[in-house]
Amino acid sequence: MDAPELTTPLGLLRWIGWAQRKAGEDWIRERDISFEQGFVLGYLVQHPGAIQRDIAEVSRTTAASVSSLLQGLEKRGLAERRTEEGDGRSKKVYATPEGAELIAGFDAAMAAADETILAPLDDGERATLHALLTRITAELPRPTR
């Protein structure tokens, strides 16, 4: 089957989104973790002490999936669940120093991918693209988290 022709504006935007995601997935796979594990580690670095319900919500998955994902991260020493003093029922989740180190540099890698994607445009064209996309998205519902 041939790849679909990407000639519509939104088709081209999907292609750009695909290129960004692929760059992120490639960077994460080089660290021998899944995209989902990388996402959760990044979230834990930014939100230390998160609870599993918050992780499920932000990753748009189930509590059972998060539990399984965290078990894998814990086995590798990349994340840990801790019971907080005074609340034995609630466990908070943290990236370990090894987990934080493993995911460090992701933002810089994604900025480099964005630069590669936008490389054909000069500064004026980038400004025009930004202005047009800002107008298009102004009335769209905002993604949660």
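Guide: Let's start with exposure: a residue is called exposed when its relative accessible area is over 50%, buried when it is under 20%, and partly exposed in between. Keep in mind that this is a predicted model.

Visitor: Is Arg29 buried or exposed, then?

Guide: Arg29 has 54% relative accessibility, so it counts as exposed.

Visitor: Which residue does the Arg29 side chain meet in a salt bridge?

Guide: First the general idea: we look for a side-chain nitrogen of Lys or Arg within 4 Å of a carboxyl oxygen of Asp or Glu. Here the partner is Glu25, at 3.7 Å from N to O. Both residues sit in helix α1 (residues 9–29), 4 residues apart, which is about one turn of the helix. Glu25 has a relative accessible area of 19%, so that end of the pair is buried.

Visitor: Which residues are linked with Arg29 and Glu25 in a network of salt bridges?

Guide: Arg21, Lys22 and Asp26 join them in that network.

Visitor: How many salt bridges does the structure hold?

Guide: There are 8. Among them is the one between Glu30 and Arg31, at 3.5 Å from N to O. Glu30 is exposed because its relative accessibility is 63%, while Arg31, at 23%, counts as partly exposed.

Visitor: And what about Glu80 and Arg82?

Guide: Their side chains also meet in a salt bridge, with 2.7 Å from N to O. Glu80 is partly exposed at 31%, and Arg82 is partly exposed at 35%.

Definitions and conventions: Residues numbered from 1 in each chain as written. Predicted model: local features only at pLDDT ≥ 70, side-chain atom pairs only at ≥ 80, totals over all residues. Heavy atoms only, no water. Helix = DSSP H or I, 4+ residues; strand = E, 2+ residues; numbered from the N terminus. Buried < 20%, exposed > 50% of the residue type's maximum accessible area, 1.4 Å probe, protein only.
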